[in-house]
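Keep the sequence and the model in view while reading.

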Amino acid sequence: MTGTLYLLPMLLGESHPDISIPGEVQNITTSLSHFYAENIKTTRRYLRKLDKSFDIDGSHFYVLNKKTNDEDLSEMMNPLLQGFDGGIISEAGLPGIGDPGSKLVRLAHKKNIKVKPLTGPSSFVLALVASGLNGQSFAFNGYLPVKGQELAKKIQEIEKRSAQLKQTQIFMETPYRNNQLLEQLLKTCHPQTQLCIAVNITTDQENILTQSINQWKSSNPDLHKKPAVFAILKA
């Protein structure tokens, strides 16, 4: 018998687990002893937040990030192939979206290992449903290019796609580059394009607002180092 690979939700920010992580999901998470983590330090802190007496020293942690190669992935399969259950934990939200978790999930399918996703917060889904933008047709674009010229070109591309398909375009950025992204959005997008900015989702500092590019130019908020999701829709 092989083990099960659980996709374990993580908090989106500093908040109590009960707000966004169901109780049974917390129980399953703390019952495991093998974890595939984007950041081991963050994962250990999270496990102790779920259960102050969690046995950190008796657990096994494997780094699963963008640098993880195929050989490392194969080694990570061994506990699962030996019958142990394991769980992937991302830096925030659900694994496999905007992080490297999908690489291990894909290999698990090839090895006929059961993959079980557990319910928890997804920043882009929560941003979408709170935005008031089109939830019937949308696309998640992940992280946009960093360089100014490439970023401007990508924004033009997804804004055009939004208008053609009447489709909400969702994307995100590393928190310390949020202000640069917003600046480029205000420069590049049509004045009447609708922009939703969802900041610190599920925390006490949560702020979600949708308004036109023109209106955002008047407020121009400071988003530096604040986890944020962006969504645009051009009519």
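Two strands pair if DSSP finds at least two bridges between them. With that in hand, start with one pair. In S7, Ile-170 is the bridge partner of Phe-140. Strand S6 (residues 138-143) and strand S7 (residues 168-172) run parallel and are joined by 4 bridges. Helix H7 (residues 148-165) carries the chain from S6 to S7, and this β-α-β crossover is right-handed. The model is predicted.

**The open sheet**

Now turn to the sheet. It is open and built from 5 strands, in the order S3-S2-S4-S1-S5, with parallel pairing. Strand S3 (60-63) and strand S5 (114-117) are the edge strands; each pairs on one side only. On average, neighbouring strands of this sheet are turned by 25° against each other, direction ignored.

Inside the sheet, strand S1 (residues 4-8) pairs with S4 over 4 bridges, in the parallel sense. Opposite Tyr-6 stands Gly-87 in S4.

Two helices belong in this picture. Helix H3 (residues 40-50) lies across S2, S3 and S4 and runs at about 145° to S3. Helix H4 (residues 70-81) packs on the sheet and touches S1, S2, S3 and S4. The direction of H4 makes about 155° with that of S2.

**Empty spaces**

Rolling a probe the size of a water molecule over the atoms shows where empty space is left. The table lists the spaces by volume.

| Space | Volume |
|---|---|
| Largest pocket | about 1,000 Å³ |
| Second largest pocket | about 190 Å³ |
| Largest cavity | about 30 Å³ |

The lining of the largest pocket divides into 19 nonpolar, 10 polar and 7 charged residues.

The second largest pocket is lined by Glu-38, Asn-65, Lys-66, Lys-67, Asp-99 and Pro-100. Its lining counts 4 charged residues, 1 polar and 1 nonpolar.

The structure holds 1 cavity of 30 Å³ or more. Among the residues lining the largest cavity are Tyr-36, Leu-64, Ile-88, Glu-38, Asp-99 and Pro-100. Strand S2 (34-37) and strand S4 (86-89) each supply at least two residues of this lining.

Methods. Residues numbered from 1 in each chain as written. Predicted model: local features only at pLDDT ≥ 70, side-chain atom pairs only at ≥ 80, totals over all residues. Heavy atoms only, no water. 1 Å grid on protein atoms, 1.4 Å probe; cavity = no way out; pocket = protein on both sides within 12 Å on 5 of 7 lines; lining within 4 Å. Points joined across faces, edges and corners; volume = space filled by probe spheres on them. Right-handed = clockwise from strand over helix to strand, strands pointing away. Axes fitted to C-alpha atoms, helices over the stretch in contact; angles between N-to-C directions. Contact = heavy atoms within 4.5 Å. Nonpolar A, V, L, I, M, F, W, Y, C, P; charged D, E, K, R; others polar.
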